[in-house]
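Student: Hi! I have a new structure to look at and could use a guide. Can we go through it together?

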Protein chains: 2
Amino acid sequence: MNSHDAHVTGPDLAAFAALLADGTRAGFCLALLDGRAWTAIELARHVGVAASTATEHLNLLVAGGLLAQERQGRHRYVRLAGPDTAALVEGLAAMAPRTVAPPRSLRAANRGRALARARTCYDHLAGALGVAITEAMTARGLLDWAHGPRLTGRGVVWLGELGIAPPPATGRPPVRSCLDWTERRPHLAGAVGAAICRHALDSDWVTRLGTGRAVVLTDIGRRELRDHLGLSDEMICPGERAGG
Amino acid sequence: MNSHDAHVTGPDLAAFAALLADGTRAGFCLALLDGRAWTAIELARHVGVAASTATEHLNLLVAGGLLAQERQGRHRYVRLAGPDTAALVEGLAAMAPRTVAPPRSLRAANRGRALARARTCYDHLAGALGVAITEAMTARGLLDWAHGPRLTGRGVVWLGELGIAPPPATGRPPVRSCLDWTERRPHLAGAVGAAICRHALDSDWVTRLGTGRAVVLTDIGRRELRDHLGLSDEMICPGERAGG
DNA sequence: AGGATCCTTCGGTGCTCGCCGAAGTGTCGT
DNA sequence: ACGACACTTCGGCGAGCACCGAAGGATCCT
């Protein structure tokens, strides 16, 4: 195990980046950022290519280690390989130029607004909601950004009040910052971000909107966020009124 | 400035990743990870392409925001746009598959060994040396990894003893972890990592080996590392004897 | 068994993109 | 002014690759 003897000429950065350098494959990965497993056909339809084309791309992504797959009967389920790959896709996406195109339909416009308002990002909350929670936690002294994001002692207590146990010290950083696409401000990621998101879903603060990544804040969630973080509706959805 | 009205269909991940999906451009970025500014011709020769080809690639990388450039007379100096882009390239490189190829010459083999031993990575120290420093700091309680890497109070004192002022709280995280290509273990990055690297170069702990990223530990550095971190030669270069 | 669905394999097509060399522009040194 | 050098522009070539449709498994449902 002497890595000095392996004549490492350097990582094959180009081959790896090429995995994401195709519109179809990038679309797959962005879709998979919702953290769930998709079937091949779902992904194919999502980006509008033939099933055979999707198969080829999925083979590449799995072979490249970006995606993990499980086969169940006639279904091929794929998901992002892990939190680190998700973080990589996030980071790349945050730095990539935005494509600003007019929505193709009213339905698409509504979906876009819902996504901007609140969505899951791999396994944590993003959008205006995710950013608002993060900033409220900072304002209340639950997060400390002096040395990068860190949960304070009060933050640990606060988590406990919600019934969330502080995540065990595994390899995954407890608190990570993830730059939001729509808000261009950071929201909370990492193990704690995931725990909060799970709690929000389990306790019906938010519910999934259809089958995508969009979530919608419930009345329960609105009350809990006000009580626990002092968040008003205005602070979460400035100038908007959340629909059913 | 209501970002919800801009119909953001999502980041153009593919276009951005395509910047790094070419062997020549990836070679440029990996070379620029040494944190210095290179001229177009230097980069062209480094990867072995014509000057005209290099120009085209540099145009793309600059337009894409990955590289920044300054023109001085007949020279075009390019460098990575900033620490965040450097972090992105690092992260991608760490996750990319290694290309293990036999070195083309004795000279190349020596260069590879020198790089594995100690090198700069953008603006901090990497290789066996960088990893050894990071692990020694952890062992001495200067770094705390419980909530992601963080400098402890003793760490701040230790920096002071070296004559390094704790970096101001700018946007850049003071301490960041960067996965080492050759060691596959994390080394210290971020503002503190950069400060330590600068100190190591200023105080002649290490000196640049030629014009590349490789550095070599001096006798001064060897003594200082032993006195300040308890690092023995064995711990820095297991099974090797550093040459002049 | 039969049909529907999900996935895969296999040619074939068309286009993008990286590369070079030659010629041209601007800058530096003498 | 002149050559040397760094860089840029342009035309053309060749390879790689993303795409599709058709055909062939594999699996589930009735």
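Predicted model: local features only at pLDDT ≥ 70, side-chain atom pairs only at ≥ 80, totals over all residues.

Student: Noted. How many helices and strands does chain A have?

Tutor: Chain A has eleven helices and 13 strands. Of its 244 residues, 40% count as buried.

Student: Okay, strands next. What order do they take in the open sheet of chain A?

Tutor: The order is β2-β4-β3, three strands with antiparallel pairing. β2 (38-39) and β3 (67-72) of chain A are at the edges with a single partner strand each, so one side of each has no neighbour in the sheet.

Student: And what holds paired strands together?

Tutor: Strands of a sheet pair through backbone hydrogen bonds, in either a parallel or an antiparallel way.

Student: How many bridges link β3(A) and β4(A)?

Tutor: Six bridges, in the antiparallel sense. To find one place in that pairing, look for A:E70, which stands opposite A:Y77 in β4(A).

Student: Which helix lies across those strands, β3 and β4 of chain A?

Tutor: That is α4(A), which runs at about 120° to β3(A).

Student: How do α2(A) and α4(A) cross?

Tutor: Their axes come within 10 Å and cross at roughly 70°. Angles of 65 to 115 degrees count as roughly perpendicular, and α2(A) and α4(A) are therefore roughly perpendicular to each other.

Student: Which residues meet there, between α2(A) and α4(A)?

Tutor: From α2(A) you have A:T24, A:R25 and A:F28, and they meet A:T53, A:H57 and A:L61 of α4(A). By class, this contact of α2(A) with α4(A) has two nonpolar, three polar and one charged residues.

Student: Changing topic: the DNA. Which residues are closest to DNA strand C?

Tutor: The closest are A:T39, A:I41, A:S52, B:S52 and B:G73, and 20 residues surround DNA strand C. Two or more residues come from each of α3 (40-47), α4 and β4 (75-80) of chain A, and from each of α2 (23-32) and α4 of chain B.

Student: Which element gives the largest share of the surface near DNA strand C?

Tutor: α4(A), with four residues. That is the helix we saw lying across β3 and β4 of chain A.

Student: How does the surface near DNA strand C split by class?

Tutor: It has six nonpolar, ten polar and four charged residues.

Student: And DNA strand D, which residues are closest to that one?

Tutor: A:S52, A:G73, B:I41, B:S52 and B:T55 are the closest, and 20 residues surround DNA strand D. At least two residues of the nearby surface come from each of α2 (23-32) and α4 (51-63) of chain A, and from each of α3 (40-47), α4 (51-63) and β4 (75-80) of chain B. The largest share, four residues, is from α4(B). By class, the surface near DNA strand D has six nonpolar, ten polar and four charged residues.

Student: Where does α4(B) lie in its own chain?

Tutor: α4(B) lies across β3 and β4 of chain B, at about 120° to β3(B). Those strands belong to an open sheet of three in the order β2-β4-β3, with antiparallel pairing. Its edge strands are β2 (38-39) and β3 (67-72) of chain B, each pairing on one side only.

Student: One more helix: how many residues of α1 in chain B are buried?

Tutor: Seven of its eight residues, so to speak a mostly covered helix, spanning residues 13-20. Among them are B:L13, B:F16 and B:L20.

Student: Last one. Is B:G155 buried or exposed?

Tutor: B:G155 is buried, because it has 21 C-beta neighbours inside 10 Å and the cut-off for buried is 20 or more. B:G155 sits in helix α8 (residues 153-162) of chain B. Leaving aside neighbours within four places in sequence, B:G155 is in contact with B:M137, B:L142 and B:L143.

How values were computed. Residues numbered from 1 in each chain as written. Chains lettered and ligands numbered in written order. Near = placed C-beta within 6 Å. Nonpolar A, V, L, I, M, F, W, Y, C, P; charged D, E, K, R; others polar. Pairing = 2+ DSSP bridges. Contact = placed C-beta atoms within 7 Å. Axes fitted to C-alpha atoms, helices over the stretch in contact; angles between N-to-C directions. Parallel < 35°, antiparallel > 145°, perpendicular 65-115°, else oblique. Buried ≥ 20, exposed ≤ 12 C-beta atoms within 10 Å, placed from the backbone.
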